[in-house]
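Please read the following points with the structure open beside you, and look up each residue as it is named. They are written for someone who is new to reading protein models.

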Amino acid sequence: MFFSEFFDIEFPKKYCISSKVLLDDICAVEIGYNRTPKGLFQIMKRDRFILHYVVSGCGTFCNENFKENNCYIVVPNEQETIRADEQNPYETYWIAFKGPKAAQIIKKCNIPCTNSVFEFNRTKECAEVLREALELLQDAKEYEESAIMNSVLFKIFAIHFSETTVVDSQIGPARIIAEFINENYFRNISINYLAKSFNFNRSYIYMLFKKEFGISPQEYILNKRIEKAKELLSDRNRLRICEVAFAVGYSDPLYFSRLFKKATGVSPLKFAKNNQPL
């Protein structure tokens, strides 16, 4: 049950959105907004992580006081107590997520891995990202919701990463953006789209990728698409070239064929003939 369901307040119809498609390592499950009644008190335990960004009011979370511009995190399987102030109840924007690497990533973001209140100087920015996402999701198709929410999750982590001096080659900002590309290579991903989604400028993303992978973001996207195309062309249930092109993000099969031949030295048709399983 979502927090908003406890409150006797009218909310927009799609106030909380749930993700139906989960990534293997970490995934967004829900995003939402809470405006609490005065003196609300709850005790519960969750099966997910939830990052809350407090935009107004105050309260206590697990006996720690919080106020506007503070954050608090809910972690799985720990009992939590939450109380809204009697005079100035709080409002938060929040994102819930799961996955085997969730704890590892939040630690690298300098976020506590236990039910805690913490300070973060870009709380308003994260809250605004979530507010904009909720508006966007009002009209999103069902199949779009998961991709949008996971994009928002990666963007939130990128903001936190940019505020820490900890550098980890496995889960740094470039790796988070790369993971988004890995999961969405078949979509119309441009560098402008990545820059807007992760709140970085184009040149900064280019620098991250050159430093981390030795190639540009455009080359990374192309390489991922060619890699997936090779897998499809080698599959026993052989697809037509146009179907492979569409599956990896190209609406023009001829354009895809030219890119594939330039990258591999052979046409998609010849590659398929040479790599069919016995």
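1. A search of the whole structure, which is a predicted model, finds 11 salt bridges.

2. In one of the salt bridges, the side chain of Asp47 meets that of Lys98, with a distance of 3.3 Å from N to O. This pair links distant parts of the chain, since Asp47 lies in the loop between strand 3 (41-45) and strand 4 (49-56), while Lys98 belongs to strand 9 (residues 91-98), and 51 residues separate the two.

3. A second pair to look up is Glu125 and Arg122, whose side chains form a salt bridge at 2.7 Å from N to O. Here the two partners fall into separate classes of accessibility: Glu125 is partly exposed, at a relative accessible area of 24%, whereas Arg122 has a relative accessible area of 19% and is therefore buried, the cut-off being under 20%.

4. Another salt bridge joins the side chains of Arg131 and Glu128, at 2.5 Å from N to O. How far apart are Arg131 and Glu128 in helix 2? They are three residues apart in helix 2 (residues 123-137), and because of this spacing about one helical turn separates them. Arg131, with 27% relative accessibility, counts as partly exposed, and Glu128 is partly exposed with a relative accessible area of 32%. Elsewhere, salt bridges that share partners join Glu30, Asp47, Arg48 and Lys98 into one network.

5. Strand 2 (residues 27-35) has eight of its nine residues buried, so the rest of the structure largely encloses this strand. Strand 2 runs antiparallel to strand 9, and eight bridges join the two. Glu30, named above as a member of the salt-bridge network, has Ala96 as its bridge partner in strand 9.

6. A further group of four strands forms an open sheet, in the order 3-8-5-6, with antiparallel pairing. Strand 3 and strand 6 (64-67) stand at its edges, and because each has a single partner strand, one side of each is left without a neighbour in the sheet. From one strand to the next, the twist averages 25 degrees. Within this sheet, strand 5 (residues 58-61) and strand 8 (residues 79-84) run antiparallel and are joined by three bridges, and Gly59 stands opposite Ala84 of strand 8.

7. Which residues of helix 4 and helix 6 meet? From helix 4 they are Pro173, Ala174, Arg175, Ile177, Ala178 and Ile181, and from helix 6 they are Ile205, Leu208, Phe209, Glu212 and Phe213. Sorted by type, the residues of this contact are nine nonpolar, no polar and two charged.

8. Helix 6 also packs against helix 7 (residues 217-233), at an angle of about 60 degrees and with the axes 8 Å apart, and the two helices are therefore oblique to each other. On the side of helix 6 the contact is made by Arg202, Ile205, Tyr206, Phe209 and Phe213, and on the side of helix 7 by Pro217, Gln218 and Tyr220. The residues of this contact divide into six nonpolar, one polar and one charged.

9. With 40% relative accessibility, Tyr255 counts as partly exposed. Tyr255 and Ala245 are 10 residues apart in sequence, and the distance between them in space is 8.9 Å from C-alpha to C-alpha.

Definitions and conventions
Residues are numbered from 1 along each chain as its sequence is written. This is a predicted model: local features need pLDDT of at least 70, side-chain atom pairs count only at pLDDT 80 or more; totals for chains, interfaces and linings use all residues. Side-chain values use heavy atoms; hydrogens and water are left out. A salt bridge is a side-chain nitrogen of Lys or Arg within 4 Å of a carboxyl oxygen of Asp or Glu. Buried means under 20% relative accessible area, exposed over 50%, partly exposed in between (1.4 Å probe, protein chains only). Contact means heavy atoms within 4.5 Å. Ala, Val, Leu, Ile, Met, Phe, Trp, Tyr, Cys and Pro count as nonpolar, Asp, Glu, Lys and Arg as charged, and the others, Gly among them, as polar. Two strands pair if DSSP finds at least two bridges between them. Axes are lines fitted to C-alpha atoms, for helices over the stretch in contact, and angles run from 0 to 180 degrees between N-to-C directions. Angles under 35 degrees count as roughly parallel, over 145 as roughly antiparallel, 65 to 115 as roughly perpendicular and the rest as oblique.
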